[in-house]
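Student: Please take me closely through the side-chain pairings in this model. Keep it brisk.

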Amino acid sequence: MIVGFNVDSIDASKQENARGNLKINYVPEIENVESASVSAFDEEVAKIDFNFSVRYMAGEEVRAEINIAGNVLWNGDTEKIVDTWEEKGELDESMRAPLMNDMYRKLLSEAVGIADTLSMLPPIPTPQVDQN
């Protein structure tokens, strides 16, 4: 389970022509997995480094971009998680879905605020109320 979620850097920019019919892509990438000691736990946890990018595209051209980098601390099956990463370069199947779901939830929420600061559309649809 996730016991820590840390953002180390946020970088965001947009071009002057960042408007119109833009396609929004968001991609989480796991960069590294290693064991780490945390004072709150007797055993080591898995430290999972990530980069998360939101790109506003016009065709093949990036018109705006939000990048968030950091790490997640995962407690449970640390040795198995680290070994799977070292052997296959991928996350262990037992924790992949819960980790990615939580990352999407936290990072997309953060990206919504950053997009608002840049006067860009949010990277996820917002609810709309119809007027009768």
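**Side-chain pairings**

Tutor: Start with Arg105 and Asp102, which both sit in helix 2, 3 residues apart, about one turn of the helix. Helices (H or I, at least four residues) and strands (E, at least two) are DSSP runs, numbered from the N terminus. This is a predicted model: local features need pLDDT of at least 70, side-chain atom pairs count only at pLDDT 80 or more, and totals for chains, interfaces and linings use all residues. Residues are numbered from 1 along each chain as its sequence is written, and side-chain values use heavy atoms, with hydrogens and water left out.

Back to that pair. The side chains of Arg105 and Asp102 form a salt bridge at 2.5 Å, N to O. A salt bridge here is a side-chain nitrogen of Lys or Arg within 4 Å of a carboxyl oxygen of Asp or Glu. By this rule the count is 6 salt bridges. Asp102 is buried, at 14% relative accessible area. Buried means under 20% relative accessible area, exposed over 50%, and partly exposed in between (1.4 Å probe, protein chains only).

Next, the strands. Lys47 and Glu34 meet in a salt bridge, 3.7 Å from N to O. This pair links distant parts of the chain: Lys47 is in strand 3 and Glu34 in strand 2, 13 residues apart. Lys47 is partly exposed at 22% relative accessibility, and Glu34 is partly exposed at 33%. Glu34, Lys47 and Asp49 are linked in a network of salt bridges.

Lys80 and Asp92 form another salt bridge, with the closest N and O atoms 3.8 Å apart. Lys80 lies in helix 1 and Asp92 in the loop between helix 1 and helix 2, so the pair ties together parts 12 residues apart in sequence. Lys80 is partly exposed at 44% relative accessibility, whereas Asp92 is buried at 8%.

Glu90 lies in the loop between helix 1 (78-88) and helix 2. Glu90 is partly exposed, at 42% relative accessibility. Leaving out residues up to four places away in sequence, Glu90 touches Thr84 and Trp85. Contact means heavy atoms within 4.5 Å.

Now the rings. Rings of Phe, Tyr and Trp (its six-membered ring) pair if their centres lie within 6.5 Å; planes under 30 degrees apart count as stacked, over 60 as edge-to-face, and the rest as tilted. By this rule there are 4 aromatic pairs. One of them is Tyr26 with Phe52, tilted, at 6.4 Å centre to centre and 35° between the planes. The pair links distant parts of the chain: Tyr26 is in strand 2 (residues 23-36) and Phe52 in strand 3 (residues 45-58), 26 residues apart. Tyr26 is partly exposed at 33% relative accessible area; Phe52 is buried at 1%.

Phe52 also pairs with Tyr104, edge-to-face, at 6.5 Å centre to centre and 80° between the planes. This second link joins Phe52 in strand 3 to Tyr104 in helix 2 (residues 93-117), 52 residues apart. Tyr104 is partly exposed, at 30% relative accessible area.

The charged end of Lys106 sits over the ring of Phe5, 5.5 Å from its centre. The rule needs NZ of Lys or CZ of Arg within 6 Å of the ring centre and within 35 degrees of the ring normal.
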